[in-house]
Amino acid sequence: MIKVMSIFGTRPEAIKMCPLVKALEADGDIDSIVAVTAQHREMLDSALDYFGVRPKYDLNIMKRGQTLSTITADVILGLEELLKNERPDLVLVHGDTTTSFAAALSAFYAKCAVGHVEAGLRTYDKYSPYPEEMNRCLTSRIAELHFAPTEHSRENLAAEGIMRGVYVTGNTALDAFKYTVKPDWKFDDKRLSSLDFEHYRVITVTAHRRENQSGGIENVCRAILELAERHPELLFVYPVHLSPAVREPVFRLLDSHERIILTDPVDVADMHNLLSRSYFILTDSGGIQEEAPSFGKPVLVLRSETERPEAVEAGTVKVIGTDTARVVAEAERLLCDKDEYRRMSEAKNPYGDGHASERIIAAIKEYFAAN
């Protein structure tokens, strides 16, 4: 059997890795082990619980005031003995988190092969998104197997001289929908369960990235307030990240408006079903750029650039930044221009068909059969 250890530590990683873990566990040729770092604790646990994934190892590194340096050091030190004892044939990491890079580096030190899920995304600006762009670039230099979600991602890797062990698989984010999205879904979050989707246009908002924490989030909040005042038919739902740097400006500016609903982060099923019922999405998240188009929902990206240009080219996503006037103008265009809304909502999602996990497992078996 091929011993595969999946290592992840944040909620977004868990949402995309749990469907793959479930597929690995169901395969008779693979001995699947899960180790989590708990770079995010509460948000990670909610995703694990929903998918029924039980880690064999939990480093539980999250602590108050953690920095990129402490996360990196704690992951490397925490995995040292674990990898030495387990000796997996392959370590799987996902995407661009500090956990992913540190786990890949730990696996390299232990001389374990590394597979990189969601490989090949690039902005070519090492400080945007920060630190994600360098995390994924450095992980690519370590990995033996690269599971690129799109042909564009494969081309990015090829341009860097990475051509062996590259497989175009689609994105595992879409695999999660078979577990989460249901037409008769009843929201667990009490505030979501009372939303009136029939009488309001519901706009879902997420904004939390580090590069937006020095003014960008405040600009977005002001845009939301302006839109809410101009359009009484709108209802905003903003699941707010647990970071104090995010919560302080959001609650200070938005908490008193009756048509702006602020919640704690919601579980993966509530979030996917919320996206599927929204009119459009305002977000700086990477994953939502992949998820929302599957539901026919336009996405306005609150960033200056995206490592997911396929969605922009397909027409499902528009990058608009965080300038207040620009956010208001682009949102009103979707609200008032039916042709523009139709163009974005009917564009095809470029991130696959929900079978990425199957392709990744087939690639793993192919790799070990040849080595």
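Predicted model: local features only at pLDDT ≥ 70, side-chain atom pairs only at ≥ 80, totals over all residues.

User: Which are the edge strands of the open sheet of 7 strands?

Analyst: Helices (H or I, at least four residues) and strands (E, at least two) are DSSP runs numbered from the N terminus, and two strands pair if DSSP finds at least two bridges between them. The 7 strands follow the order β3-β2-β1-β4-β5-β6-β7 with parallel pairing. Two of these strands pair on one side only, namely β3 and β7.

User: In β2, what is the bridge partner of F8?

Analyst: Strand β1 (residues 2-8) runs parallel to strand β2 (residues 30-36), and 7 bridges join them. Within this pairing, F8 has as its partner V36.

User: What angle does the direction of α5 make with that of β5?

Analyst: Helix α5 packs on the sheet and touches β4 (90-94), β5 and β6 (145-148), contact meaning heavy atoms within 4.5 Å. Axes are lines fitted to C-alpha atoms, for helices over the stretch in contact, and angles run from 0 to 180 degrees between N-to-C directions. On that basis the angle between α5 and β5 is about 140 degrees.

User: In the sheet of 6 strands, which are the edge strands?

Analyst: This open sheet has the order β10-β9-β8-β11-β12-β13, with parallel pairing. Its twist averages 20 degrees from one strand to the next. The strands that pair on one side only are β10 (260-263) and β13 (317-319).

User: Which residue in β9 stands opposite V202?

Analyst: β8 and β9 pair in the parallel sense over 4 bridges. β8 also has 4 bridges to β11 (residues 280-283), again parallel, where V205 has L282 as its bridge partner. On the β9 side, the residue opposite V202 is L235.

User: How many of the 6 residues of β8 are buried?

Analyst: Buried means under 20% relative accessible area, exposed over 50%, and partly exposed in between (1.4 Å probe, protein chains only). β8 is largely enclosed by the rest of the structure, because the number of its residues that are buried is 5 of the 6.

User: How far apart in sequence are the parts that E118 and K16 tie together?

Analyst: A salt bridge is a side-chain nitrogen of Lys or Arg within 4 Å of a carboxyl oxygen of Asp or Glu, and the closest N and O atoms of E118 and K16 are 2.6 Å apart. Both residues are buried, E118 at 7% relative accessibility and K16 at 5%. Because E118 lies in the loop between β5 (113-117) and α5 (132-142), and K16 in helix α1 (residues 11-25), the separation is 102 residues.

User: Which residues are linked with K16 in a network of salt bridges?

Analyst: The structure holds 34 salt bridges. The network that includes K16 also contains D96, E118, E133, R136, E290, R303, E307 and R308.

User: How far apart are the closest N and O atoms of R247 and D264?

Analyst: R247 lies in helix α11 (residues 244-254) and D264 in the loop between β10 and α12, 17 residues apart. D264 counts as partly exposed, at 42% relative accessibility. The closest N and O atoms of this salt bridge are separated by 2.8 Å.

User: Which element supplies the largest share of the lining of the second largest pocket?

Analyst: On a 1 Å grid over the protein atoms alone, a pocket is an open set of points where a 1.4 Å probe fits, with protein on both sides within 12 Å along at least five of seven lines, and lining residues have an atom within 4 Å of a point. The space here is about 170 Å³, taken as that filled by probe spheres set on points joined across faces, edges and corners. The lining includes E144, R164, Y167, E366 and N371, and β7 (166-168) and α17 (356-370) each supply at least two residues. The largest share, 3 residues, comes from α17.

Conventions:
Residues numbered from 1 in each chain as written. Heavy atoms only, no water.
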